[in-house]
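These are my notebook entries on one structure. I record below what I looked up, entry by entry.

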Amino acid sequence: MQFQNSYASELEGCYVPWQGAEVPAPTILRLNEALAEELSLDVAMLYAEGAPILCGAHKPAGSQPLAMAYAGHQFGNFSPQLGDGRALLLGELRDRKGQLRDLHLKGSGATPFSRGGDGKAALGPVLREYLVGEAMHALGVPTTRALAAVATGEQVARDTLLPGAVLARVASSHIRVGTFQFLAARQGADGLRRLADYSIARHFADLADSSDRYFEFLQRVIARQAALVAHWMRLGFVHGVMNTDNTTISGETIDYGPCAFLDAYDERTVFSSIDHGGRYAYGNQPAVAQWNLARLAEALLPLIDAADVDAAVARATEALQAFPGVYQGYWLDAMRSKLGLRTAQDDDLTLINALLECMGDAGADFTLTFRRAADIVRQQPAAFVAIFNEPAAVLAWMDRYRARLAQEPLDERTRAAEMDRVNPLYIPRNDKVEDALSQAHTGDLSAFDRLLDAVTNPYEARADLSGYELGAPPGAAPYRTFCGT
Ligand code: AMP
Ligand code: MG
């Protein structure tokens, strides 16, 4: 492994040099061979010798492992001192495209930021992040990736004793809004400038020579987050813990703790057991992203205009006010393509919202409704209509939709096939994920493998995966998820 240690060498003050904990019996459970190859890693070597490295127990040659420091607003409350409480950045690897990618371990032992936690992770949550992260990647969503799940051979104490594991994950960086907040709350503008310049070099290199680069950096992060949340919304994904320390400046999804996908469409859906107020409900995600970006903008004020705070505030405000429009543009594009619309017309928004209203009234399954919409195009709408228990409203909507389709250039077959390439059939359904994880706790990864296979090929219907497209049965108890387990 050829580590670069740019974060370690350029961002002193933003981390603590640290080592992973010893573990009794590190074993690679699953290795993402395609990703390993993308990173020019030797797959055979990883199987033979990688387990102690990928769980943090052995420091690989050339790596300067560290625990990152950050701050963050968690459910709206500011904590000036957070950090990797159970994670370690081993360093950066250069991938085959020449991009630096962080190799980061989660569950590698306590750090100075553990705040009383044990620094460990149980197998279930590690496999959950592996599965959902890889599903998101297959669905075209910017995301951290799973490189490996490593069993530690140790039991971790949760409600019961559970098998311990470490997730080795890869990201284009782990710089968060909270990393900027950490420096803004502490050092003067110098540290902040170093972090901003480092972030620009890694993510927006074309801005490096611009005299207005910090403002442009803010605009770029705003655009990336708008694009990201539009992806979540088009897929019915609820992140669940959109704290500013879980908001990357790269625009990648990070931290698959309490996340889940909608079954029935309802804007108010919350899965996380601790989100009592519904702050991070499905429909709030765009507004929360804008709120988080406002925290980034505040942190950047001294860089945007050091001499004139009022001018800096005015410019940051203007950039933030662009968010709803930018987001809406991405969302509308995504929703049009879900309905097979290549052209844009003024009342498309009304058409889309009318469908969402029918879905909300009927408690229609989000994923299957859009998948089955292609059957309307194919002139076989029975399966689509059957999703709606009181079909009158959706039949009226279908008339409008057909009239709209008549103004589109494509032939039916091509359009339906295009729709099948953007509307997944297989997503990580909550009950399937739980089944796979509880089986894994007994040492059997076959259900995990099968589900991973389904969700990493999400668009192509397969006879051998019959049932994997279905959500929870009607009347099932509401699904609950948990953070930091
Ligand atoms: P996460 O939900 O993984 O984003 O975690 C939120 C914060 O809590 C992060 O700063 C983690 O490092 C920390 N954390 C979560 N679980 C543990 C644990 N078992 N031990 C120590 N810190 C933890
Ligand atoms: Mg986190």
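Predicted model: local features only at pLDDT ≥ 70, side-chain atom pairs only at ≥ 80, totals over all residues.

Entry 1, the ligand. I began with a nitrogen atom of ligand 1, which is 2.8 Å from a polar backbone atom of Gly119. I count this as a polar contact, meaning a pair of N or O atoms within 3.5 Å. An oxygen atom of ligand 1 lies 2.7 Å from an N or O atom in the side chain of Asp255. I also found a polar side-chain atom of Arg86 at 3.1 Å from a nitrogen atom of ligand 1.

Residues are numbered from 1 along each chain as its sequence is written, chains are lettered from A and ligands numbered from 1 in the order in which they are written, and side-chain values use heavy atoms, without hydrogens and water.

I looked up helix H6 (residues 177–184) and helix H7 (residues 189–203), whose axes (lines fitted to C-alpha atoms over the stretch in contact, with angles from 0 to 180 degrees between N-to-C directions) come within 8 Å and cross at roughly 160°. H6 is therefore roughly antiparallel to H7, a term for angles over 145 degrees. Helices here are DSSP runs (H or I) of at least four residues, numbered from the N terminus. In the contact (heavy atoms within 4.5 Å), Thr179, Phe180, Leu183 and Ala184 of H6 meet Gly191, Leu192, Leu195, Ala196 and Ser199 of H7.

Definitions and conventions. Polar contact = N/O pair within 3.5 Å; in protein donor to acceptor, adjacent residues only side chain to side chain. Helix = DSSP H or I, 4+ residues; strand = E, 2+ residues; numbered from the N terminus. Parallel < 35°, antiparallel > 145°, perpendicular 65-115°, else oblique.
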